[in-house]
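This report describes a protein model in plain terms. Please look at the sequence and the structure before reading on.

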Protein chains: 2
Amino acid sequence: MAKEAKKYFKVDPWKIIEEGFDPKEGRVGESIFSMGNEYMGIRGIFDEMYSGDKLVGCYFNGVYEEKPLSYPEYFNGLAKRCCFMINAQNWLYTRIFVDGVEIDLAKVPFTNFYRELDMKTGLVLRRFTYKDITFTFERFTSINYHYIGGQKITMQSETAHDVKLISGIDFTPIHEEEGKNYWTECDKGDDYIVCATQTSGQRIYSKMKTSFGAGKVISEDKMIMQEYDFSLQGEKVFEKVVYNFVERDKNLSIDLKMADSYLAKSYDDYRAEHVARWAEIWKHSDVEIDGDDENQQGIRFCIFNMHQTYHGDDGRLNVGAKGLTGEKYSGWTFWDSETYCLPFYMFNNPKAAKNLLMYRYNTLPQAKERAIEQDCKGSCYPMVTIDGTESCGVWQHGNLEIHVTAAIAYGVWHYVRNTGDEEFLKNYGLELLVETSRYFASRGDWSPKTGEFGLWGVMGPDEFHMMVHNNTYTNFMVKKNFLYTIEMVKKYGYDVPEEELAQWQNMADKMRINYDEKTKLFEQHDGYFDFPEYDVKGMDPDKVPVYKYWAYDRIFRVNMLKQPDVVLMQFFYSKDFTLEQKRENFYFYEHRCSHESSLSPAIHSIMAAEIGDLDMAEEYMAYGSRVDIDDYNRNAHQGLHVTSMSAAWMNMIYGFGGMRSDGDILSFKPNIPKKWNRYAFTILVRGSVLKVEVVKNKATFKVLEGAPVTVEIYDKTYEITTEGIEIEY
Amino acid sequence: MAKEAKKYFKVDPWKIIEEGFDPKEGRVGESIFSMGNEYMGIRGIFDEMYSGDKLVGCYFNGVYEEKPLSYPEYFNGLAKRCCFMINAQNWLYTRIFVDGVEIDLAKVPFTNFYRELDMKTGLVLRRFTYKDITFTFERFTSINYHYIGGQKITMQSETAHDVKLISGIDFTPIHEEEGKNYWTECDKGDDYIVCATQTSGQRIYSKMKTSFGAGKVISEDKMIMQEYDFSLQGEKVFEKVVYNFVERDKNLSIDLKMADSYLAKSYDDYRAEHVARWAEIWKHSDVEIDGDDENQQGIRFCIFNMHQTYHGDDGRLNVGAKGLTGEKYSGWTFWDSETYCLPFYMFNNPKAAKNLLMYRYNTLPQAKERAIEQDCKGSCYPMVTIDGTESCGVWQHGNLEIHVTAAIAYGVWHYVRNTGDEEFLKNYGLELLVETSRYFASRGDWSPKTGEFGLWGVMGPDEFHMMVHNNTYTNFMVKKNFLYTIEMVKKYGYDVPEEELAQWQNMADKMRINYDEKTKLFEQHDGYFDFPEYDVKGMDPDKVPVYKYWAYDRIFRVNMLKQPDVVLMQFFYSKDFTLEQKRENFYFYEHRCSHESSLSPAIHSIMAAEIGDLDMAEEYMAYGSRVDIDDYNRNAHQGLHVTSMSAAWMNMIYGFGGMRSDGDILSFKPNIPKKWNRYAFTILVRGSVLKVEVVKNKATFKVLEGAPVTVEIYDKTYEITTEGIEIEY
């Protein structure tokens, strides 16, 4: 936990501010100032030429290429191909020449560099002065209209200068890790261009409209540009609106006219709607912290990026581990979507929560195919994916982390329980439940020794133990999978033979859950307590991460955890465990956990709060909300830790707010860190906006909009109305 | 076990005979008629042109190339490069034209095709008739002079023909799997050529001398040839002797004159010495079987090939899994060398046995390096290797099968015990023992639950279970490793700190060996008895091997074995277990074993014989000696199962002969399969030739040459002299 903050950006409750430009932090700035709207994302690259170190990263959710996976030796059921999000067009492409000199901050002298992300309005603004000209750039990716991106360049000069401005759309950026550009030009005009990916056959149609009208057309392969030459004295404003449309189906033609109706609206129109929409979002999504500006800024940055990354417009899209802010992790969706992201969206944008699950429903055919490849029945969900197929080339993860499939059923249960969306359950959820249960029934087996049902040969979320048997987290999740499926099939009806239901019931009843009544400890997997001990707390902080410093297989033969499976299980199904069980298991496993998963500290903070160890809760939340702003892991240059941001949000709401969402109604046990004076958060609960405000020893609950909400607070049930109530604690 | 014989070759006690030529069996014939002498090997390719399906395979022990290993994701300690034996020069290269038509058995009509390997003399002879010309080819790789190969072509014709004969040395054969030729020409003359490998920098100098004298020189890249044109009527004999010299060190120049002294001798001289040497070998290596011609032929084929593959001229060489008969398994040395091959050589050619261990001594630096890569101390031996480094790209084998290192110490113990070679022990063996003990002390760990020492995260010889903990075979072998090391260090002295010895003693004393006194069962590894059951005996014989038909990870989560670790341990250290223990464990594990390792049936046959189940012993030895002659596994075209041949020999001597070599003196408990009338075998015991002859109910032991030998027969001690003794049993 000995990580150090870099204090490059300024602290401000609503803004991320960069004053002066350090080229060494160039890529970190690109990540931090990323803009996105689920559909597309663009890193905080400079609009104009920049010849310094950079990653011109422009991404479209679900736009990918693939490569074959090759192994020293291939075995049945190993993934054969890997899909990865590719780098698409830079639609902000701009080149500026002043009196014949190209503006390039790596080459020309400049002053007064300033950049800010205003999270309240969703706008990024950048300013600098070259000679006596001040350039100001503003941009946004429309949160209302996902095809639309806007750019505004304001130039102000006291004296006269000859300026040449080139504005265009550039499909030439390369995918850095693969060292390749994946685009082929299909069609172009003076102000539009259509390019296609090489093997996946996806196309993007990109068209621009500028406030300067038609310029001199310059055409290069995979690029269109328009040039404007003018004399600058006083102020000149250039505005550009770009329409970016992805056609995934190779067999469809692209409607080129659609763009024109979109481009009829001005930059200012789109900007105004965008800013208004962000104001709406904050009304039911804000978290306020008094007395800790850093966490205030951090938590808002997390919330802002969760909304930027996904808002549920398209059930074929999902959340990549780095969102749309970098190519690391290839745009892949992990089980994080159902376990960490879903709660955020459930209480902030239920439509997005539903669409995360619809993504799994829409990829059922791939999951069925994958189960067959594994000699199993039902549906097996991939470890990492873009198109629904498995992209993980490391079989010990891709083939053994079957808990991913249980997370889908958990997501259905969690979503339906908290939204009451019966229609979803009947039309889609039931099939997901039946398919996942069928998978586990075929994947599991029986102990000849004890007659218990279990899952042999797995890897739990704790990836520091592989090929383990009866991982308690997995077994418990699968048991819940069976039971919920049976309950829902009986309640809503679904075509499953009686014997199959009986079989699942038997498997659930006889599921092995290693538990010692005397110590209250759940054994993480068969034989875990017998594993040689490793002194995690005594580790040399210069010798982490272990993947980098340890011989690979050594990782798997000590009791050190990457993240705590048992503690996670006790959080997900909070009501199933006593406080004593939680306390004993927390202290036992916390001592053995290395937190090399960035999701681990938040879970520890939440559970420490529950068992009343507030000091530890505060310690564990130390950098959760600021992992990227302060670049704790020194890898923010690769992109933002988007799914960890959701964990940071959970840390607030479930940790200090003490919320639990696994009961019949929401429950809360708020508390407050010592150094805070007050905090407050608003969430959406079945259409109502619930505000919770906490100061020392007192919490206020109030419905801001919508019907009353029934919740449990410190184990007592209350109906919360617009009147609000105060609880002393 | 339901494998079917192909009966292509004729049965004969001393010969392998092919009458008529079936091109579909072309590659199988190439494997069966392979010639070799440890140093070099050549498949039974046709001397002359053959345009049909073939693998022109010519190998030199230890001559290899390397390629980088690439993974979807690399982790510390995984092997980075893979060495593989390459295909070298065809020194039998011959082209024959008769009246302008090239002799090519795929194109010209021919009759009377006959081929034989005479195992008594070590000669391969092939004959066919084209028109009225009969061609007879004879060849050998000198068993006395390992640089020398001989070829004799006899042509006999009634009428006159114009014949053109081209004879040469051809470095153009490709490595089939890699689809590449790895040679670069360095130097050549009229009758010699020097070529070098591309990255390993090894060179081969190959020079020929023919009985026809100097012919017309033809030179092509990587080839030299001499052409002879003559008229043939009556008989004409062409003889060719080739000198092949490998220079492994790039910095040394090659002594081109050395060849001349070798080539001064004639084909007949070399042939005579070769035949005489084979007669010598058979004197102390033969196994006779009366009443079973097939096994008689089979066991001699095994013995013949063990001698062909290795005889201990060079401690930098070892035995590849397919010897020098094909490119499959890349010429790699496995743990088979110490566990299966060593006993054969110990009792047939002790110098070869010693040099197998010297190979390990000579590769200690690589093994030390490998231990460091694994975060360990001491020396860690590779899973598969040519040059002493790890070539296994499948980490679950290459990194987890640490029993390979224990097999080295076992080999030292077994060799010294049976040969009394104290000099070897003092000069080399002790270092091997100390290094391997040091490795295991650092690789092992302590159970916090029981305080036992053990080895977590391993794969035993049973490769159907991976990342297991405390594999009983491995733990037991390591315990023996420690104890023998301590004993020898104390006896002969070696610079090991007292505390380290005490530590090893403690580890040995506290070694976990999972054993249930009630059932007498050793549990193969922690939790094995809890593994879901799989009905191995009921397997669909069309759905094997499992690697081909099963999803990979499914293999690892049932109780099916590939080969039986516990039974193997009870064979290796026979004296450490009671007959009852052996019986109980044999029946328990036999039932669960799939025998997908070709080494498994022989061990089962041996142990079945020991526990008195002769029916099962006979069943398990069914095809051991004829696995290649009858092509039971349908892969003899790839080369011979050389290490399995040693297992077949053990099956005879340790199985029916009932020999055990783990006590202070050799012991025997002979028995005889029902269908045999008599069998006999001779072995070398500390310089004496011991002959054992067994008929129903009676065994005769006699020393043929050398000092008396003390052995135990049916638990009683006897001194065997040249008089011999008869034992009723």
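Helices (H or I, at least four residues) and strands (E, at least two) are DSSP runs, numbered from the N terminus. Two strands pair if DSSP finds at least two bridges between them.

This is a predicted model, in which local features need pLDDT of at least 70, side-chain atom pairs count only at pLDDT 80 or more, and totals for chains, interfaces and linings use all residues. Residues are numbered from 1 along each chain as its sequence is written, while chains are lettered from A and ligands numbered from 1 in the order in which they are written.

The pLDDT is the predictor's confidence in each residue, from 0 to 100. For chain A the average pLDDT is 96, and 100% of the residues score at least 70. The complex receives an ipTM of 0.94 and a pTM of 0.96 from the predictor.

**Sheets**

In chain A, five strands make an open sheet with antiparallel pairing, in the order β18-β24-β25-β26-β29. Its edges are β18 (287-290) and β29 (725-728) of chain A, each of which pairs on one side only. From one strand to the next, the twist averages 15° (axes are lines fitted to C-alpha atoms, for helices over the stretch in contact, and angles run from 0 to 180 degrees between N-to-C directions).

Chain B has an open sheet of three strands, ordered β2-β3-β4, with antiparallel pairing. Here the edge strands are β2 (35-36) and β4 (58-60) of chain B, each pairing on one side only.

| Strand pair | Bridges |
|---|---|
| β24 (residues 678-685) and β25 (residues 688-695) of chain A | eight bridges |
| β3 (residues 40-42) and β4 of chain B | three bridges |

Within these pairs, A:A680 has A:E693 in β25(A) as its bridge partner, and B:I42 has B:C58 in β4(B).

**The two chains together**

Copies are superposed by least squares on the C-alpha atoms of residues with pLDDT of at least 70 in both. Chain B is superposed on chain A by a rotation of 180° with 0.0 Å of shift along its axis (RMSD 0.1 Å). This is the relation of a two-fold axis. The C-alpha of B:Y71 is the nearest to the axis in chain B, at 2.7 Å.

Two residues are in contact if their C-beta atoms, placed from the backbone, lie within 7 Å. The contact takes in 42 residues of chain B and 42 residues of chain A.
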